[in-house]
Amino acid sequence: MQLEFLGGAREVGRSAILVNDSLLLDFGVKTGSPPAYPLRAVGSGSTLDPDAVVASHGHLDHVGAIPSLLSGTARPPIHWTPPTYELAMVLARDTLKLHGGTPQCPFTREELRRVTEVSETHGYGEPFEAAGHRIEFFNAGHIPGSAHVLVDDGETRLLYTGDFHVDDAGGSESAVAGQRLVAGTTERPDADVVVCESTYADVEHERRGDVEKRFAESVRTTLWEGGTVVVPAFAIGRTQELMLVCEANDLPCYVDGMGKEVTEIVRRYPEFLRDGEAMRRANSNARFVTGRDGQRTRIARESTVIITTAGMLSGGPAMTYVPEIYANPTNKLCFSGYQVEGTPGRELLDTGSAEIGGRHLRVSAQVESYDFSAHADRSGLRTFLREYERTPILVNHGDSCEWFADRLCEEGHDANAPALGETVTV
Ligand SMILES: [Zn+2]
């Protein structure tokens, strides 16, 4: 089996691996200005012409450029789980709306429309055929619909982990051992080679139950003092996770931004959630903001929780809420995930002030940070890879892929981290 690493190799973003020159695994975008796309792809110089595409999950860095594969006469079938298909469509429509007709959007409205024609959805544990390969999806525990992808070409079985999360070891039934939204992966299908993500290979996360407890206590204190809590959150996964956390801890919340539409989708697939009934309760507990008639300004004066995009304060309704609440030290801003270098969220954490919605704000409100990560940390990766001690491991999707591959070798694994553009025969 031949694997060509077209993106996501020794980096996070634009994930894409071409198997046997015919089957494409993921086709993402690395956000930035300008955004970066996988090699050999997008635009007039493209030499990429896969027979079929398989997507692991509905995040921009894994599916963001998929519609561009349907330019000209190319119509490769696209295989994914039902939630991944719907989330990819939400992301693509958003990209088109914000950037259509510019280099920031790698596809046209017509190419996006064609996705519906070539889409083929599959559940976990339902094998199918794509470009002459036998494929099967397994729950990866990252976001609803996220999959480990097992690819069999008749000679070699490849396990592509995609992004994944494992529950904390030793979590009792009453403790929160993992994400409330999706159960961590327990799947370890037999494979001859594993391509493994490594986003948090050098991080040990605080136990999930402790993160949640700190968050709930802090929010409760602010509400008791009459303050407002703004929680910037990614639309996909994180917004729903925080809705579940609020419901479980009796906290009122508003939900705003793209997370509203994503919540609607997620609710339609209870079989892809840890607890569909809990999601239903979380949905009743939350109030969804329409944004009409100065509603946001009014809500920002209430003593409540507001879960809103963008997760790193780079846009979205957060641009209305933050300027409303920043000047009062009774109010609170709770980040819900890692803030990437160069984002307003990171600037605010580091300096106490940031450029928000075109204004430079020196923030008097309290600023806190909580890691509700959906990725396996160092022990999570170890837990997963324990089952693959005699299987070659190719590390990708991380900022320290080579470092992690070296650590794995020290521990007796056969591991390395292919470079961008490298072709590996396994
Ligand atoms: Zn992801």
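At what angle do helix α4 and helix α5 pack, and how far apart are their axes?

1. The model is predicted, so to speak of local features a pLDDT of at least 70 is needed, side-chain atom pairs count only at pLDDT 80 or more, and totals for chains, interfaces and linings use all residues. Residues are numbered from 1 along each chain as its sequence is written, and side-chain values use heavy atoms, without hydrogens and water.

2. Helix α4 (residues 208-224) packs against helix α5 (residues 238-248) at about 70°, with the axes 11 Å apart. That angle makes α4 roughly perpendicular to α5 (65 to 115 degrees). Helices here are DSSP runs of H or I, at least four residues, numbered from the N terminus; axes are lines fitted to C-alpha atoms over the stretch in contact, and angles run from 0 to 180 degrees between N-to-C directions.

3. The α4 and α5 crossing is right-handed (the near helix is turned clockwise from the far one by less than a right angle). On the α4 side, Arg 208, Glu 212 and Phe 215 meet Glu 241, Leu 242, Val 245 and Ala 248 of α5, where contact means heavy atoms within 4.5 Å.

4. Now the second pair: helix α2 (residues 82-99) and helix α6 (residues 259-267) pack at about 160°, with axes 10 Å apart. They are therefore roughly antiparallel (over 145 degrees), and α2 passes α6 in a right-handed crossing. From α2, Glu 86, Leu 87, Val 90 and Arg 93 make the contact, with Glu 261, Val 262 and Ile 265 from α6.

Note on methods
Helices (H or I, at least four residues) and strands (E, at least two) are DSSP runs, numbered from the N terminus. Angles under 35 degrees count as roughly parallel, over 145 as roughly antiparallel, 65 to 115 as roughly perpendicular and the rest as oblique.
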